[in-house]
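Subject: Handing over the structure

Dear colleague,

I am passing this structure on to you, with my notes on what was found in it. Please look it over before you read on.

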Amino acid sequence: MPVEGLTADALAQHVKSIPTLPTVLTELSRRMEDPKTSSDDLAQVILQDQAISSKVLKLVNSPFYGYSGRINTINQGIVILGFNAVKNLVLSTSVLEAFKGARSGEAFRMDHLWVHSASVAGAAKLLAERAGGADPEEAFVAGLLHDIGKILLWISEPKLLTGCIAASKTHRIPLSDVERKVIGFGDNELAAVLAEKWKFPTSLKDALRWRIQPEFAGANTPLAACIHCANILCMAMGASPVQPAVLPIPETKAWELLGLHHDDRLRNILAELPLRIESARAFVLTRY
Amino acid sequence: MQAMIYSTKSLRPGLTIQDPVRDSKGMVLLPAGALLTESLIAQLLQRGVPAVSVTSQENEDEMLVRVEREKESIRSMFGESGATPELEQLRRLLMERIDAG
């Protein structure tokens with residue numbers, strides 16, 4: 001039976017230690033809505049936070065982007081990679097920093113979660129590139145952050161999450177189904193509450209909220225579908241240290257939207273996935 | 001030939017490149033069949049290549065054990081047949097990959 005009176009919002013309200021994200025992120029989002037904002041303006045915003053700006057500069061120079069050592073300033077990074085790519089870097093760096101202090105337990109390990117999240121990020125980006133309909137950089141960030149609801153649940157109700165994980169393994173039911181039965185909502189809904197609190201873009205909020213049922217994500221269904229299918233593919237290929245007792249069932253519409261129902265498309269993606277996942281892990285885990 | 005993905009940091013001399021190593025612009029850094037040396041590994045690390053595909057070093061017995069282990073893992077996760085057409089397709093193609101080596 002679901003925990004009486006507990007909703008995702010209520011749980012989030014009661015968590016005393018929800019980290020706040022740097023104000024630079026809010027300011028960045030606000031400035032990007034103004035079409036007159038220049039790359040200089042955005043660079044000045046990012047530079048207000050030394051910790052974030054030095055991490056972003058290091059990341060834009062990583063082999064992942066192919067400009068190793070050639071980007072010397074944040075402004076240059078914005079000009080070369082684009083507003084959205086740099087904003088996504090700031091966003092994902094901020095969230096990883098926010099959860100840096102979360103401790104692991106026997107049933108739930110933060111390092112395993114981030115390895116899995118990095119894998120899904122790499123897979124989601126590949127799916128977005130092949131299928132179109134979603135921005136690959138945004139798919140990467142959404143994949144990386146898809147399990148932040150689990151982290152919040154772990155921080156606030158570790159015994160509840162531990163119980164759900166155990167029940168999932170014992171009864172061979174997908175974890176999200178167990179969460180809905182036992183708690184009354186899934187960790188994806190908690191992720192959406194966090195995304196709302198942290199003022200994430202609507203596309204990212206929708207992808208996190210609807211990653212279990214992508215067809216309900218409206219205009220952001222392609223992005224939600226990338227996360228949904230990437231998660232399943234990573235688990236199915238044994239690419240994730242977080243191995244479920246049973247695979248979640250892919251949503252047919254999401255599967256077809258990404259063209260995965262064609263054997264050739266799926267075969268090619270399965271062939272390319274291992275290298276993409278390894279590259280994504282190398283990129284993400286240097287900053288974890 | 002079975003390909004294994006190795007992170008560049010875990011490479012050792014004597015391994016053979018299975019798929020061409022390319023930089024982020026698609027230029028081939030090392031062709032398929034290249035034999036890795038200390039120097040080549042150092043260059044890959046310097047260029048920041050995160051991972052490469054190398055030819056598996058396992059003998060036939062080791063390969064048979066690995067194949068059976070991987071198939072058992074698939075059977076355990078999917079059951080003998082997928083519960084839905086999508087899962088069945090995924091199961092079938094994963095088994096196909098294992099059999100193809």
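Predicted model: local features only at pLDDT ≥ 70, side-chain atom pairs only at ≥ 80, totals over all residues.

Residues are numbered from 1 along each chain as its sequence is written, chains are lettered from A and ligands numbered from 1 in the order in which they are written, and side-chain values use heavy atoms, with hydrogens and water left out.

To begin with chain B, its secondary structure comes to three helices and four strands, where helices (H or I, at least four residues) and strands (E, at least two) are DSSP runs numbered from the N terminus. Read from the N terminus on, the elements of chain B follow the order β-β-β-α-β-α-α. The C-alpha trace of chain B spans about 50 × 35 × 20 Å along its principal axes. Chain B has a radius of gyration of 17 Å, whereas a compact globule of 101 residues would have one near 13 Å; this radius is taken over C-alpha atoms, and the globule rule is 2.2 Å times the number of residues to the power 0.38.

Turning to the interface, the contact (heavy atoms within 4.5 Å) takes 31 residues from chain A and 23 residues from chain B. The area buried between the two chains is about 2200 Å², and carbon and sulfur atoms give 64% of it; buried area is the accessible area (1.4 Å probe) that two parts lose on being put together, summed over both. On the side of chain B, the residues that lose the most area to chain A are M77(B), E86(B) and L90(B), together 28% of what that side buries.

Across this interface the rule finds two salt bridges, each being a side-chain nitrogen of Lys or Arg within 4 Å of a carboxyl oxygen of Asp or Glu. D263(A) forms a salt bridge with R92(B), with the closest N and O atoms 2.9 Å apart. The rule also finds nine residue pairs in polar contact between chain B and chain A, both residues at pLDDT 80 or more; a polar contact is a pair of N or O atoms within 3.5 Å, and within protein one must be able to donate a hydrogen and the other to accept it, while residues adjacent in sequence count only if both atoms are side-chain atoms. On the side of chain B that touches chain A, β1 (3-7), β4 (51-55), α2 (60-78) and α3 (85-100) each supply at least two residues, and α3(B) gives the most, with nine residues.

Within chain A, the domain assignment, whose bounds come from an automatic or database source, gives domain 1 (22-98) and domain 2 (103-288). The C-alpha centres of these domains lie 25 Å apart, and 13 residues of domain 1 are in contact with 20 residues of domain 2. The area buried between them is about 1500 Å², of which carbon and sulfur atoms give 76%, and the count of salt bridges between them is zero. Helix α6 (residues 83-98) of chain A gives the most to the side of domain 1 that touches domain 2, with eight residues.

Finally, K205(A) lies in helix α13 (residues 202-209) of chain A, and a polar contact of 2.9 Å joins its side chain to that of E196(A).

With best wishes
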